[in-house]
Amino acid sequence: MAVVVTASACGTLPERRDAVTAEVIRFERALGAGEHARLCNALAPATREELEQSAGSRCERAIGEEDVSPAGDVRHVDVYGDQARVVLEHDTVFLAHFPTGWRVTAAGCLPRHERPYQCEIKGG
């Protein structure tokens, strides 16, 4: 009798948390350095599309016009399957897992009492 064990493409929960944290740190570094192309590459496809549509310009220009500043150190990471939330000192960033890795679905997010987060960058 053969037993087949398969590993999730996403890895264990600690591995997923580490991957999410690493992606947010890269995103924050790119934000601090004004590296718009890197920021755009970190966005989920629908988020990038929404940003370009609402701004009426390419992502690299549109993301530079958004009022999102570096958010400080990571305080808490929640991973739920293919979705994640990273709470930083001055921001909350949401991510989703794609075949190419974790991508930012929303950033520049502030909580609102008993209402959805208000985000500067978000997907449709």
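A: Helices and strands here are DSSP runs, numbered from the N terminus: a helix is H or I over at least four residues, a strand is E over at least two. The model is predicted, so local features need pLDDT of at least 70 and side-chain atom pairs count only at pLDDT 80 or more, while totals for chains, interfaces and linings use all residues. Residues are numbered from 1 along each chain as its sequence is written, and side-chain values use heavy atoms, with hydrogens and water left out.

Begin with the setting. The protein chain has four helices and five strands. From the N terminus on, their order is α-α-α-α-β-β-β-β-β. Along the principal axes, the C-alpha atoms fill a box of roughly 60 × 30 × 30 Å. Of the 124 residues, 35% are buried. Buried means under 20% relative accessible area, exposed means over 50%, and partly exposed lies in between (1.4 Å probe, protein chains only).

Now look at helix H3. H3 covers residues 45-55, and Pro45 belongs to this helix. Pro45 is exposed, at 52% relative accessible area. Compare its position with that of Val93, 48 residues away along the chain. The C-alpha atoms of Pro45 and Val93 are separated by 16 Å.

Thr47 is buried, with a relative accessibility of 2%. Which backbone oxygen does the side chain of Thr47 reach? That of Thr105, at 2.9 Å. This is a polar contact: N or O atoms within 3.5 Å, where, within protein, one must be able to donate a hydrogen and the other to accept it, and residues adjacent in sequence count only if both atoms are side-chain atoms. Leaving aside residues within four places in sequence, Thr47 is in contact (heavy atoms within 4.5 Å) with Val104, Thr105, Ile121, Lys122 and Gly123.

H3 carries charged residues as well. The side chains of Glu52 and Arg48 form a salt bridge at 3.7 Å, N to O. A salt bridge is a side-chain nitrogen of Lys or Arg within 4 Å of a carboxyl oxygen of Asp or Glu. Glu52 and Arg48 are separated by about one helical turn, because they sit four residues apart in H3. Glu52 is partly exposed at 26%, and Arg48 is partly exposed at 21%. Another salt bridge links Arg58 and Glu60, at 3.7 Å, N to O. Arg58 is exposed at 60%, whereas Glu60 is partly exposed at 25%. Shared partners join Arg48, Glu52, Arg58 and Glu60 into one salt-bridge network. The model has eight salt bridges by this rule.

Move to helix H1 for a comparison. There, Glu23 and Arg26 lie three residues apart, about one turn of the helix. Their side chains meet in a salt bridge of 2.9 Å, N to O. Glu23 is buried at 8%, while Arg26 is partly exposed at 41%.

Glu28 is buried but has no salt bridge. Its nearest side chain of opposite charge is Arg29, 9.6 Å away. For charge, Lys and Arg count as positive and Asp and Glu as negative, with His and the chain ends not counted. What does the side chain of Glu28 reach? The backbone nitrogen of Ala71, at 2.7 Å. Beyond four places in sequence, Glu28 touches Ser69, Pro70, Ala71, Gly72, Leu88, Asp91 and Val93.

Next comes the nonpolar core. Such a core is a set of buried Ala, Val, Leu, Ile, Met, Phe, Trp, Tyr and Cys residues joined through side-chain atoms within 4.5 Å. The largest one has 26 residues, and Val20, Leu43 and Leu95 have the most contacts inside it. Seven elements each supply at least two of its residues: H1 (13-33), H2 (36-42), H4 (59-65), S1 (74-80), S2 (83-88), S3 (92-98) and S4 (101-112). H1 gives the most, with five residues. Beyond four places in sequence, Leu95 touches residues including Val20, Glu23, Val24, Trp102 and Val104.

Last, the strands. S1 and S2 pair antiparallel over six bridges; pairing requires at least two DSSP bridges between strands. His76 stands opposite Val87 in S2. S1 and S2 make a hairpin with two residues between them, and Gly81 in the turn has a positive phi of about 65°.
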